[in-house]
Structure formats: C-alpha cells, structure tokens
Amino acid sequence: MDPETKKSWATGQVLLGDLRGGLSFEVPLSAAQRLLDSECFVLDRLGRDFAYELCVGQNGRVWLSAASARETVLLLQAIKRSFGMT
C-alpha cells in the first residue's frame, strides 16, 4: 500500500465521493470478479449502446447509474441476466 494513501485514510480525508442516484444491487462474488476484469465483455458491449457509471465492490455490491431510470433498469437486467441471475 502506498504510504500517502494510508496516511490520507488515517487522517479521515475522503478520497472518493458519495454515490448519488442510481441503484445498488448484489451479485455473486464470481460475477463481481468478472465485472472488475478490464476486459469484461458484458460491460464493453453495453457501453457501445449506453452511457452509464458502475462501481463494483469485491464483496459483490454493485452501484449503477445511467441517463434515465429506464436505462438504469435495462442495464441492471442485462448485467444480472448475463451472469445467469434473474
């Protein structure tokens, strides 16, 4: 770990902002690992047609935000279905 990063956490400095809007959901850990891959086919393919923001945690928690509520739900369904979830 970088000493500068460790120091900023120790002082309580916020490095990342709040996730506002959008929605959060959970995926299996195996799906989270695949979403975190820099060459994730699902996210690359969805990015061709939609503008969205996505945060994926190692714990399987995902936050998703798109231009509209409709697009957010469509993306959520596409991501879940691509990993065999309903």
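This is a predicted model: local features need pLDDT of at least 70, side-chain atom pairs count only at pLDDT 80 or more; totals for chains, interfaces and linings use all residues.
Local features are described only at pLDDT of at least 70 and side-chain atom pairs only at pLDDT 80 or more, whereas totals for chains, interfaces and linings use all residues. Residues are numbered from 1 along each chain as its sequence is written, and side-chain values use heavy atoms, with hydrogens and water left out.

**View 1. The open sheet consists of 3 strands in the order β1-β3-β2.** Strands (E, at least two residues) and helices (H or I, at least four residues) are DSSP runs, numbered from the N terminus. The pairing in this sheet is antiparallel; two strands pair if DSSP finds at least two bridges between them. At the edges lie β1 (23–26) and β2 (52–56), each of which pairs on one side only. Neighbouring strands are turned by 20° against each other on average, direction ignored; axes are lines fitted to C-alpha atoms, for helices over the stretch in contact, and angles run from 0 to 180 degrees between N-to-C directions. In general, strands of a sheet pair through backbone hydrogen bonds, either parallel or antiparallel.

**View 2. Strand β3 (residues 61–66) is joined to β2 by 5 bridges.** Is Ser 65 buried or exposed? Its relative accessibility is 15%, so Ser 65 counts as buried (buried means under 20% relative accessible area, exposed over 50%, partly exposed in between, with a 1.4 Å probe and protein chains only). Beyond its neighbours within four places in sequence, Ser 65 contacts Gly 22, Tyr 52, Glu 53 and Thr 72.

**View 3. Helix α2 (residues 29–36) has Ala 31, Ala 32 and Leu 35 buried.** Seen down the axis of α2, these buried residues fall within an arc of 100°, so they line one face of the helix; the arc is that of the directions from the helix axis to the C-beta atoms. Their cover includes α3 (41–49), β2, β3 and α4.

**View 4. The axes of α3 and α4 come within 10 Å and cross at roughly 150°.** The two helices are therefore roughly antiparallel to each other (angles under 35 degrees count as roughly parallel, over 145 as roughly antiparallel, 65 to 115 as roughly perpendicular and the rest as oblique). Val 42, Leu 43 and Leu 46 of α3 meet Leu 75, Ala 78, Ile 79 and Ser 82 of α4.

Methods. Contact means heavy atoms within 4.5 Å.
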